[in-house]
Amino acid sequence: KYGKTGGRHPVRMDATWILTGLVYASRGKNIVELGTAYGFSTLFLLMGKEDGAKVWTVEFDEHAAEEAEKTLRGAGFKEEDVTVYHGDCSDFLRKWVVNKPIDVLFLDADKTQYGKWYEQARPFLRDGSLIIADNVLFKGENVDCRAECQDFVDAVREDSYDMKILDNDCGLLVAHFNMIGE
């Protein structure tokens, strides 16, 4: 079910427990995931969240969003735990109606849009917000995410302290947002 369905590749297994641990350690209350696919990575974000925290996950593909909803509800997560938003990530960020800071931002969708989404999310990030992005080093037959993500990586590096890219063949970027100098 979580395989390469519909041309989508779920987050690598070596990154899933990292996601859980990072969310747990962040103690974040507002967790935003851009790129749900079928909800596999969302499950690991949810496993790391504290009581009272919430995950908002965004998926452009209607079928994938419906499947993610079924997966998450089937796993026992309720609306107060997670909301699956079907639509464009930019639209979601423009409509961020919660009007609260984003404590954890996880990007795992169209790599060419990471920079744009980061700039849109930036006003909602607080000092110490956690930024995670998957596949920033991935290079495949028809795609070079390293090149596509370079402006995004540079922007995050400039805005953060303690940024690392874990080289798990795909590259998992992890950074803390820094508001000093704002």
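In the predicted model, the largest nonpolar core comprises 28 residues, of which Leu34, Val136, Phe152 and Leu173 touch the most other members. At least two residues of this core are supplied by each of strands E1 (30–34), E2 (54–59), E4 (102–107), E5 (125–133) and E7 (172–177), and likewise by each of helices H4 (89–94), H5 (114–121) and H6 (145–159). Another core, of 21 residues, lies apart from the largest one and includes Leu19, Phe40, Leu43 and Leu130.

The surroundings of Leu34 were examined beyond its neighbours within four places in sequence. On this basis, Leu34 is in contact with Val58, Cys89, Phe92, Leu93, Leu105, Phe106, Leu107, Asp108, Ala109 and Trp117. One of these partners, Phe92, lies in helix H4. Phe92 has a relative accessible area of 8% and is therefore classed as buried, the cut-off being under 20%. With residues up to four places away in sequence not counted, Phe92 touches Val32, Leu34, Trp56, Val58 and Tyr85. The C-alpha atom of Phe92 is separated by 9.8 Å from that of Gln120, a residue 28 residues apart from Phe92 along the chain.

A polar atom of the Lys54 side chain lies 3.1 Å from the backbone oxygen of Glu79. Not counting residues up to four places away in sequence, Lys54 touches Lys29, Asn30, Ile31 and Lys49, together with Glu79, Glu80, Asp81, Val82 and Thr83.

How values were computed. Residues numbered from 1 in each chain as written. Predicted model: local features only at pLDDT ≥ 70, side-chain atom pairs only at ≥ 80, totals over all residues. Heavy atoms only, no water. Core = buried A, V, L, I, M, F, W, Y, C linked by side-chain atoms within 4.5 Å. Buried < 20%, exposed > 50% of the residue type's maximum accessible area, 1.4 Å probe, protein only. Helix = DSSP H or I, 4+ residues; strand = E, 2+ residues; numbered from the N terminus. Contact = heavy atoms within 4.5 Å. Polar contact = N/O pair within 3.5 Å; in protein donor to acceptor, adjacent residues only side chain to side chain.
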